[in-house]
Amino acid sequence: MATLAEWVEGARPRTLPAALAPVLAGSAVAWFEGGFDPLLATLALVVALALQVGVNYANDYSDGIRGTDAVRVGPMRLVGSGAAKPAHVKLAAFACFGVAAVAGLTVVVITGHWWLLGLGAAAILAAWFYTGGRKPYGYLGLGELFVFVFFGLVAVSGTVYIQVGTVSASAWWTAVAIGALACAILVANNLRDLDGDRAVGKRTLATRLGDSGTRWFFVGLVALAAVGVFGVAATSSWWALLGWLMLLLLAGPMLEVVRGVSGYGLIHVLKRTGLAELACAAGLFVGLLIAR
(Lines give C-alpha, C1' and ligand atoms only; values in the text may rest on other atoms or scores of the structure.)
Protein backbone atom coordinates (compact mmCIF):
# COMPACT_ATOMS: atom_id res chain seq x y z
CA MET A 1 0.00 0.00 0.00
CA ALA A 2 1.41 3.41 -0.95
CA THR A 3 2.04 5.87 1.87
CA LEU A 4 0.67 9.41 1.88
CA ALA A 5 4.16 10.71 1.02
CA GLU A 6 4.32 8.43 -2.02
CA TRP A 7 0.92 9.64 -3.25
CA VAL A 8 2.03 13.25 -2.82
CA GLU A 9 5.16 12.42 -4.81
CA GLY A 10 2.89 11.53 -7.70
CA ALA A 11 1.86 15.18 -7.85
CA ARG A 12 5.51 16.31 -8.09
CA PRO A 13 7.04 19.27 -6.21
CA ARG A 14 7.09 21.53 -9.30
CA THR A 15 3.37 21.11 -9.97
CA LEU A 16 2.20 24.19 -8.05
CA PRO A 17 4.62 26.65 -9.71
CA ALA A 18 3.79 25.24 -13.15
CA ALA A 19 0.05 25.59 -12.51
CA LEU A 20 0.24 28.98 -10.82
CA ALA A 21 2.51 30.68 -13.38
CA PRO A 22 0.09 30.88 -16.36
CA VAL A 23 -2.81 31.98 -14.16
CA LEU A 24 -0.73 34.58 -12.33
CA ALA A 25 0.71 35.93 -15.59
CA GLY A 26 -2.68 35.95 -17.31
CA SER A 27 -4.28 37.66 -14.33
CA ALA A 28 -1.53 40.30 -14.48
CA VAL A 29 -2.63 41.19 -18.00
CA ALA A 30 -6.28 41.15 -16.92
CA TRP A 31 -5.45 43.53 -14.06
CA PHE A 32 -3.57 45.90 -16.36
CA GLU A 33 -6.49 45.89 -18.77
CA GLY A 34 -8.99 46.59 -16.01
CA GLY A 35 -10.81 43.26 -15.99
CA PHE A 36 -9.32 41.28 -13.09
CA ASP A 37 -11.88 39.01 -11.41
CA PRO A 38 -10.63 37.15 -8.29
CA LEU A 39 -13.31 34.43 -8.50
CA LEU A 40 -12.59 33.61 -12.15
CA ALA A 41 -8.85 33.75 -11.52
CA THR A 42 -9.23 31.29 -8.64
CA LEU A 43 -11.31 28.93 -10.78
CA ALA A 44 -8.69 29.15 -13.54
CA LEU A 45 -6.05 28.17 -10.98
CA VAL A 46 -8.13 25.17 -9.87
CA VAL A 47 -8.41 24.05 -13.50
CA ALA A 48 -4.68 24.48 -14.11
CA LEU A 49 -3.63 22.74 -10.89
CA ALA A 50 -6.05 19.82 -11.37
CA LEU A 51 -4.82 19.31 -14.94
CA GLN A 52 -1.16 19.45 -13.85
CA VAL A 53 -1.66 16.88 -11.10
CA GLY A 54 -3.90 14.80 -13.36
CA VAL A 55 -1.37 14.64 -16.17
CA ASN A 56 1.34 13.62 -13.68
CA TYR A 57 -0.77 10.69 -12.48
CA ALA A 58 -1.77 9.84 -16.05
CA ASN A 59 1.89 9.73 -17.11
CA ASP A 60 2.77 7.66 -14.05
CA TYR A 61 0.05 5.15 -14.94
CA SER A 62 0.68 4.95 -18.70
CA ASP A 63 4.48 4.83 -18.49
CA GLY A 64 4.25 2.34 -15.63
CA ILE A 65 2.07 -0.21 -17.41
CA ARG A 66 4.23 0.10 -20.54
CA GLY A 67 7.38 -0.55 -18.54
CA THR A 68 9.08 2.64 -19.71
CA ASP A 69 9.87 3.63 -16.11
CA ALA A 70 12.08 0.57 -15.66
CA VAL A 71 15.24 2.64 -16.31
CA ARG A 72 14.73 5.99 -14.60
CA VAL A 73 17.01 8.68 -13.19
CA GLY A 74 14.40 10.95 -11.63
CA PRO A 75 12.05 10.64 -8.67
CA MET A 76 10.15 7.46 -7.92
CA ARG A 77 7.02 6.70 -9.94
CA LEU A 78 4.10 5.04 -8.17
CA VAL A 79 3.29 2.36 -10.76
CA GLY A 80 6.83 1.77 -11.98
CA SER A 81 8.11 1.25 -8.43
CA GLY A 82 5.15 -0.89 -7.38
CA ALA A 83 4.22 1.57 -4.62
CA ALA A 84 0.62 1.77 -5.85
CA LYS A 85 -1.71 -0.29 -8.00
CA PRO A 86 -2.11 0.93 -11.59
CA ALA A 87 -5.90 1.10 -11.23
CA HIS A 88 -5.58 3.41 -8.23
CA VAL A 89 -3.22 5.78 -10.05
CA LYS A 90 -5.50 5.82 -13.08
CA LEU A 91 -8.44 6.63 -10.82
CA ALA A 92 -6.46 9.49 -9.25
CA ALA A 93 -5.76 10.89 -12.72
CA PHE A 94 -9.40 10.83 -13.75
CA ALA A 95 -10.48 12.27 -10.40
CA CYS A 96 -8.21 15.24 -11.07
CA PHE A 97 -9.61 15.62 -14.58
CA GLY A 98 -13.07 15.58 -13.03
CA VAL A 99 -12.14 18.43 -10.67
CA ALA A 100 -10.78 20.41 -13.63
CA ALA A 101 -13.99 19.76 -15.57
CA VAL A 102 -16.22 20.95 -12.71
CA ALA A 103 -14.18 24.13 -12.18
CA GLY A 104 -14.14 24.76 -15.92
CA LEU A 105 -17.90 24.25 -16.18
CA THR A 106 -18.36 26.77 -13.37
CA VAL A 107 -16.35 29.30 -15.39
CA VAL A 108 -18.53 28.64 -18.42
CA VAL A 109 -21.74 29.12 -16.42
CA ILE A 110 -20.47 32.40 -14.95
CA THR A 111 -19.13 33.85 -18.20
CA GLY A 112 -21.63 32.37 -20.65
CA HIS A 113 -18.81 31.40 -23.04
CA TRP A 114 -20.10 27.92 -23.82
CA TRP A 115 -17.59 27.28 -26.59
CA LEU A 116 -14.96 26.98 -23.85
CA LEU A 117 -16.39 23.52 -23.09
CA GLY A 118 -14.77 22.26 -26.29
CA LEU A 119 -11.46 23.81 -25.34
CA GLY A 120 -11.64 22.24 -21.89
CA ALA A 121 -12.40 18.82 -23.34
CA ALA A 122 -9.43 19.17 -25.70
CA ALA A 123 -7.16 20.03 -22.76
CA ILE A 124 -8.25 16.93 -20.82
CA LEU A 125 -7.78 14.71 -23.86
CA ALA A 126 -4.34 16.20 -24.44
CA ALA A 127 -3.44 15.52 -20.81
CA TRP A 128 -4.44 11.85 -21.09
CA PHE A 129 -3.04 11.05 -24.54
CA TYR A 130 0.37 12.57 -23.81
CA THR A 131 1.45 9.09 -22.70
CA GLY A 132 -1.91 7.28 -22.81
CA GLY A 133 -3.64 5.42 -25.61
CA ARG A 134 -2.20 3.27 -28.37
CA LYS A 135 -0.14 6.06 -29.97
CA PRO A 136 0.71 8.64 -27.28
CA TYR A 137 1.97 11.85 -28.85
CA GLY A 138 4.63 12.19 -26.13
CA TYR A 139 6.28 9.12 -27.66
CA LEU A 140 6.26 10.78 -31.09
CA GLY A 141 8.31 13.82 -30.10
CA LEU A 142 5.29 16.13 -29.89
CA GLY A 143 5.20 16.67 -26.13
CA GLU A 144 6.85 20.10 -26.23
CA LEU A 145 4.43 21.35 -28.87
CA PHE A 146 1.37 20.38 -26.83
CA VAL A 147 2.87 21.79 -23.61
CA PHE A 148 3.50 25.10 -25.36
CA VAL A 149 -0.05 25.17 -26.70
CA PHE A 150 -1.99 24.02 -23.63
CA PHE A 151 0.17 25.17 -20.71
CA GLY A 152 1.23 28.34 -22.47
CA LEU A 153 -1.06 29.70 -25.16
CA VAL A 154 -4.34 28.21 -23.91
CA ALA A 155 -3.71 28.56 -20.17
CA VAL A 156 -2.58 32.19 -20.29
CA SER A 157 -4.89 33.49 -23.02
CA GLY A 158 -7.79 31.57 -21.48
CA THR A 159 -7.14 33.17 -18.09
CA VAL A 160 -7.18 36.60 -19.73
CA TYR A 161 -10.21 35.88 -21.90
CA ILE A 162 -12.54 34.72 -19.12
CA GLN A 163 -11.77 37.91 -17.16
CA VAL A 164 -11.49 40.55 -19.90
CA GLY A 165 -13.51 39.04 -22.75
CA THR A 166 -10.74 39.58 -25.33
CA VAL A 167 -7.16 38.44 -25.88
CA SER A 168 -4.77 41.32 -26.54
CA ALA A 169 -1.28 41.33 -27.99
CA SER A 170 0.09 41.58 -24.45
CA ALA A 171 -1.78 38.40 -23.54
CA TRP A 172 -0.31 36.51 -26.49
CA TRP A 173 3.23 37.65 -25.70
CA THR A 174 2.69 36.60 -22.09
CA ALA A 175 1.50 33.20 -23.29
CA VAL A 176 4.64 32.82 -25.43
CA ALA A 177 6.90 33.59 -22.46
CA ILE A 178 5.15 31.19 -20.08
CA GLY A 179 4.74 28.52 -22.74
CA ALA A 180 8.43 28.62 -23.60
CA LEU A 181 9.40 28.15 -19.95
CA ALA A 182 6.91 25.31 -19.53
CA CYS A 183 8.53 23.66 -22.55
CA ALA A 184 11.99 24.23 -21.07
CA ILE A 185 10.93 22.25 -17.99
CA LEU A 186 9.88 19.33 -20.18
CA VAL A 187 13.07 19.56 -22.26
CA ALA A 188 15.22 19.42 -19.11
CA ASN A 189 13.16 16.45 -17.91
CA ASN A 190 13.57 14.60 -21.21
CA LEU A 191 17.28 15.44 -21.35
CA ARG A 192 17.65 13.86 -17.90
CA ASP A 193 15.81 10.73 -19.09
CA LEU A 194 17.47 10.62 -22.53
CA ASP A 195 19.42 7.39 -22.11
CA GLY A 196 16.57 5.61 -20.31
CA ASP A 197 14.04 6.66 -22.94
CA ARG A 198 16.29 5.43 -25.73
CA ALA A 199 16.71 2.10 -23.95
CA VAL A 200 12.95 1.48 -23.84
CA GLY A 201 12.16 2.94 -27.26
CA LYS A 202 10.43 6.10 -26.00
CA ARG A 203 10.92 8.56 -28.87
CA THR A 204 10.76 11.94 -27.17
CA LEU A 205 11.95 15.07 -28.95
CA ALA A 206 15.17 14.80 -26.94
CA THR A 207 15.93 11.37 -28.39
CA ARG A 208 15.34 12.80 -31.87
CA LEU A 209 17.44 15.94 -31.41
CA GLY A 210 20.20 14.13 -29.56
CA ASP A 211 22.12 15.29 -26.50
CA SER A 212 23.71 18.43 -27.99
CA GLY A 213 20.63 19.50 -29.92
CA THR A 214 18.43 19.17 -26.83
CA ARG A 215 20.79 21.30 -24.77
CA TRP A 216 20.73 24.14 -27.28
CA PHE A 217 16.97 23.78 -27.61
CA PHE A 218 16.72 24.44 -23.87
CA VAL A 219 18.78 27.62 -24.26
CA GLY A 220 16.65 28.66 -27.24
CA LEU A 221 13.46 28.29 -25.21
CA VAL A 222 14.86 30.52 -22.45
CA ALA A 223 15.75 33.09 -25.10
CA LEU A 224 12.21 32.86 -26.53
CA ALA A 225 10.78 33.45 -23.05
CA ALA A 226 12.96 36.55 -22.70
CA VAL A 227 11.69 37.81 -26.07
CA GLY A 228 8.14 37.11 -24.91
CA VAL A 229 8.62 39.29 -21.81
CA PHE A 230 9.99 42.08 -24.01
CA GLY A 231 6.91 41.73 -26.21
CA VAL A 232 4.66 42.12 -23.17
CA ALA A 233 6.52 45.27 -22.13
CA ALA A 234 6.40 46.73 -25.63
CA THR A 235 2.62 46.26 -25.83
CA SER A 236 1.71 47.26 -22.27
CA SER A 237 4.24 48.88 -19.92
CA TRP A 238 8.01 48.71 -19.60
CA TRP A 239 7.44 47.76 -15.96
CA ALA A 240 6.66 44.31 -17.36
CA LEU A 241 10.40 43.84 -17.87
CA LEU A 242 10.41 42.77 -14.22
CA GLY A 243 9.52 39.42 -15.76
CA TRP A 244 13.20 39.16 -16.68
CA LEU A 245 13.83 38.29 -13.03
CA MET A 246 13.60 34.74 -14.35
CA LEU A 247 17.03 35.17 -15.95
CA LEU A 248 18.65 35.48 -12.52
CA LEU A 249 17.41 31.98 -11.76
CA LEU A 250 18.20 30.56 -15.19
CA ALA A 251 21.76 31.86 -15.74
CA GLY A 252 23.28 29.04 -13.71
CA PRO A 253 21.10 26.23 -15.11
CA MET A 254 21.78 27.35 -18.69
CA LEU A 255 25.52 27.19 -18.09
CA GLU A 256 25.15 23.76 -16.52
CA VAL A 257 23.12 22.48 -19.46
CA VAL A 258 25.56 23.86 -22.05
CA ARG A 259 28.53 22.42 -20.13
CA GLY A 260 26.98 18.96 -20.23
CA VAL A 261 25.45 18.27 -16.83
CA SER A 262 23.48 15.03 -16.95
CA GLY A 263 21.58 12.51 -14.86
CA TYR A 264 20.79 13.61 -11.32
CA GLY A 265 22.52 16.93 -11.97
CA LEU A 266 19.60 17.92 -14.15
CA ILE A 267 17.15 17.64 -11.25
CA HIS A 268 18.57 20.93 -9.97
CA VAL A 269 18.06 22.43 -13.43
CA LEU A 270 14.46 21.22 -13.42
CA LYS A 271 13.72 22.81 -10.06
CA ARG A 272 15.32 26.13 -10.99
CA THR A 273 13.49 26.24 -14.31
CA GLY A 274 10.16 25.66 -12.57
CA LEU A 275 10.93 28.46 -10.11
CA ALA A 276 12.02 30.68 -12.99
CA GLU A 277 8.65 30.20 -14.69
CA LEU A 278 6.94 31.32 -11.49
CA ALA A 279 9.41 34.22 -11.09
CA CYS A 280 8.63 35.35 -14.63
CA ALA A 281 4.89 35.36 -13.90
CA ALA A 282 5.40 37.12 -10.56
CA GLY A 283 7.62 39.74 -12.19
CA LEU A 284 5.00 40.41 -14.85
CA PHE A 285 2.30 40.63 -12.19
CA VAL A 286 4.21 43.11 -10.04
CA GLY A 287 5.26 45.14 -13.06
CA LEU A 288 1.78 45.43 -14.51
CA LEU A 289 0.35 46.06 -11.04
CA ILE A 290 2.68 49.05 -10.68
CA ALA A 291 1.88 50.25 -14.20
CA ARG A 292 -1.84 50.07 -13.56
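Here are some questions and answers on salt bridges, aromatic pairs and a surface patch in this predicted model.

User: How many salt bridges does a search of the whole structure find?

Analyst: Happy to start there. One of the bridges joins the side chains of D193 and R192, at 2.9 Å from N to O. Searching the whole structure gives a total of three.

User: K202 meets which residue in a salt bridge, and how many residues apart are the two?

Analyst: K202 sits in the loop between α9 (194–199) and α10 (205–235), and its partner is in helix α3 (residues 38–66). The N to O distance in this salt bridge is 3.3 Å. The pair links distant parts of the chain. The partner is D63, and the separation is 139 residues.

User: Is D63 buried or exposed?

Analyst: Buried means under 20% relative accessible area. K202 counts as buried because its relative accessibility is 10%. D63 has a value of 1%, so D63 is also buried.

User: What about the bridge of R215 and D211: what separates the two residues along helix α10?

Analyst: The side chains of R215 and D211 meet at 2.8 Å, N to O. R215 is buried at 6% relative accessible area, whereas D211 is partly exposed at 37%. Because they are four residues apart in helix α10, their separation is about one helical turn.

User: Which residues does V261 touch, leaving out those up to four places away in sequence?

Analyst: Good one to look at in the viewer. V261 lies in the loop between α11 (246–259) and α12 (265–291). Its C-alpha atom is 9.0 Å from that of R192, a residue 69 places apart along the chain. With residues up to four places away left out, V261 touches R215, E256, L266 and V269.

User: Which residues form one aromatic cluster?

Analyst: Aromatic pairs number nine in this structure. One cluster is formed by Y61, F94, F97 and W128.

User: V109 is part of a nonpolar surface patch; what is its area?

Analyst: V109 is in helix α5 (residues 86–111). With a relative accessible area of 53%, V109 is exposed. Together with L105, W114 and L117, V109 makes a nonpolar surface patch of about 390 Å².

Definitions and conventions: Residues numbered from 1 in each chain as written. Predicted model: local features only at pLDDT ≥ 70, side-chain atom pairs only at ≥ 80, totals over all residues. Heavy atoms only, no water. Patch = residues over 30% accessible without salt bridge, like charges linked within 9 Å, V, L, I, M, F, W, Y side chains within 5 Å. Areas by Shrake-Rupley, 256 points an atom, 1.4 Å probe, with all protein chains shown as cover. Salt bridge = Lys/Arg side-chain N within 4 Å of Asp/Glu carboxyl O. Buried < 20%, exposed > 50% of the residue type's maximum accessible area, 1.4 Å probe, protein only. Contact = heavy atoms within 4.5 Å. Phe/Tyr/Trp six-rings, centres within 6.5 Å; stacked < 30°, edge-to-face > 60°.
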